[in-house]
Amino acid sequence: MSRTVVIIGGGYGGAAVAKALESEPEADVVLIDPREGFVNAAGSLRALAQPDWAPNMFFPFETLLPKGTVLRDRAVSVDPGGVTLASGDRVGADYVVLATGSSYTFPAKPVSDSIGEALDDLRRTHRELLPAQRVLILGAGPVGLELAGEIKQVWPDKHVTIVDPAKKLLPGFRPEVVADLHHQLAAQGIQVRLDTTLTEPPSTGSGRAETVTVTTAGGEAIIADIWFRAYGSTVNSDYLADGKLTPRTLDGRVPVSGHLTVQGYEHVYAVGDLTDVPEAKMAGYAMQHAEVVAQNITAQLNGRPPTATYQPLGHPMILLPLGPNGGVGQLPSPEGPFVAPASMVAEFKGADLFTGRFTGQFGPTAAEGW
Ligand SMILES: Cc1cc2nc3c(=O)[nH]c(=O)nc-3n(C[C@H](O)[C@H](O)[C@H](O)COP(=O)(O)OP(=O)(O)OC[C@H]3O[C@@H](n4cnc5c(N)ncnc54)[C@H](O)[C@@H]3O)c2cc1C
């Protein structure tokens with residue numbers, strides 16, 4: 001007798017669990033997500049600079065999961081027996097996978113759940129960016145740096161400044177990676193102002209073509225024709241606030257075991273940014289969580305104990321493109337972390353921002369028909 005596996009959230013982790021389990025004869029897979037498709041957020045910043053390319057970052061669920069059931073709805077409460085949806089419907093579950101990830105300010109992740117509307121938002125903001133000569137980016141993390149690189153790729157003459165209160169770029173990464181990053185940013189003419197705070201946030205909205213002046217704590221004025229916010233992600237776990245399933249950590253995450261079960265349960269799992277696994281929150285890790293969870297649920301469906309476990313890497317990794325050909329990276333190897341040259345960063349990520357990888361795994365993008 002098949003069992004119902006309900007996956008809440010179809011991002012990197014949830015979509016991979018659903019895809020891995022949809023061919024499992026013992027599983028009826030139900031994926032719940034208000035979005036129309038899987039969003040490859042790694043493509044967002046190129047999608048802003050090159051909106052003709054933007055449909056490549058969306059993978060409609062109807063083609064991604066032909067055998068599973070997709071409910072375009074939002075979980076508002078979860079208990080050990082199932083999920084209550086915003087529509088008022090209730091979905092009973094034998095297994096539950098929490099995979100609701102995190103949100104990030106536009107353009108890094110889309111606001112709208114509709115692919116068509118998300119593409120319209122990107123085109124609209126692209127038009128705002130088009131005439132701006134002075135671009136200010138607040139936040140020198142990977143999102144702010146990648147955004148600067150994508151803007152410079154399309155408009156080498158735009159003046160791009162990144163401001164951040166942090167004293168160092170990429171803290172925790174090898175010094176060669178950080179030095180190479182500074183070198184490439186300087187070569188592209190991207191100005192990075194570290195250890196810099198603003199006296200007040202900009203008076204205009206992020207991504208709006210309106211000239212704005214901000215003042216640093218040191219009293220210097222920076223004038224921009226447009227600015228973007230590139231910091232601050234939020235964990236999507238409000239639907240657990242009623243405590244019917246699990247307590248959350250102070251920052252809203254879900255405590256999990258080494259098998260990635262939610263603590264206290266053998267049939268409820270969590271993956272991705274939502275979990276309290278002590279590691280950077282990354283798509284690559286969410287997909288590794290998905291493999292562990294798919295293996296464990298497959299074992300349980302076939303009457304075997306779940307044995308797969310997840311161990312976080314002991315050191316940080318990153319692929320940080322600056323446009324399709326540049327960027328820096330640090331990758332794991334049996335001998336420890338190694339520095340990836342720009343050519344490898346381009347090959348593994350920068351060239352297509354994982355589109356080919358997800359097309360292989362999840363089927364066609366929305367490039368046709370939107
Ligand atoms: C610009 C950018 C570039 C990035 N590049 C990389 C990279 O190169 N490599 C890397 O490893 N990481 C990268 N990341 C980080 C990566 O995007 C996140 O770590 C990843 O999205 C986490 O995946 P997830 O499966 O946990 O959740 P998400 O991808 O956040 O997906 C969560 C899903 O849950 C849905 N959802 C939310 N709430 C509910 C609810 N109540 N009910 C139902 N569904 C819900 C959402 O609609 C969404 O589809 C990047 C992030 C950004 C913003």
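At what angle do the axes of α1 and helix α9 cross? They cross at roughly 35° and come within 11 Å. This is a predicted model.

**Helix α1 and its partners**
- Helix α9 spans residues 355-362, and α1 spans residues 12-21.
- On the α1 side, Y12, A15, A16 and K19 make the contact. On the α9 side, the residues are F358, Q361 and F362.
- By class, 5 residues of this contact are nonpolar, 1 is polar and 1 is charged.

**Aromatic pairs**
- The model holds 8 aromatic pairs, counted with ring centres within 6.5 Å.
- Y12 and F38 form an aromatic pair. The ring centres of Y12 and F38 are 5.1 Å apart.
- The planes of these two rings stand at 90°, which makes the pair edge-to-face.
- Y12 belongs to helix α1, while F38 sits in strand β3 (residues 37-39), so the pair ties together parts that are 26 residues apart in sequence.

**Open sheet β6-β7-β8**
- This sheet has 3 strands in the order β6-β7-β8, with antiparallel pairing.
- Its edge strands are β6 (75-79) and β8 (90-92), and each of them pairs on one side only.
- Neighbouring strands are turned by 20° against each other on average, direction ignored.

**Open sheet β19-β20-β21**
- Another open sheet of 3 strands runs in the order β19-β20-β21. The pairing here is antiparallel.
- The edges are β19 (318-322) and β21 (338-340). Each edge strand pairs on one side only.
- From one strand to the next, the twist averages 15°.
- β19 and β20 (residues 326-331) run antiparallel and are joined by 5 bridges.
- I318 faces Q330, standing opposite that residue of β20.
- Which helix lies across β19, β20 and β21? Helix α6 (residues 175-187) does, running at about 170° to β20.

**Second largest pocket**
- The volume of the second largest pocket is about 170 Å³.
- Its lining includes L138 and G139, then V163, D164 and P165.
- T196, T197, L198, E200, P201 and Y231 also line this pocket.
- The lining divides into 6 nonpolar, 3 polar and 2 charged residues.

**Backbone details**
- Where is the cis peptide bond described here? The bond joins F106 and P107, with omega at about 10°.
- P107 lies in the loop between β10 (102-104) and α4 (115-129).
- L170 is not a glycine, yet L170 has a positive phi of about 45°.
- The loop that holds L170 lies between β12 (159-163) and α6. Helix α6 is the one that lies across β19, β20 and β21.

Conventions
Residues numbered from 1 in each chain as written. Predicted model: local features only at pLDDT ≥ 70, side-chain atom pairs only at ≥ 80, totals over all residues. Heavy atoms only, no water. Pairing = 2+ DSSP bridges. Helix = DSSP H or I, 4+ residues; strand = E, 2+ residues; numbered from the N terminus. Axes fitted to C-alpha atoms, helices over the stretch in contact; angles between N-to-C directions. 1 Å grid on protein atoms, 1.4 Å probe; cavity = no way out; pocket = protein on both sides within 12 Å on 5 of 7 lines; lining within 4 Å. Points joined across faces, edges and corners; volume = space filled by probe spheres on them. Nonpolar A, V, L, I, M, F, W, Y, C, P; charged D, E, K, R; others polar. Contact = heavy atoms within 4.5 Å. Phe/Tyr/Trp six-rings, centres within 6.5 Å; stacked < 30°, edge-to-face > 60°.
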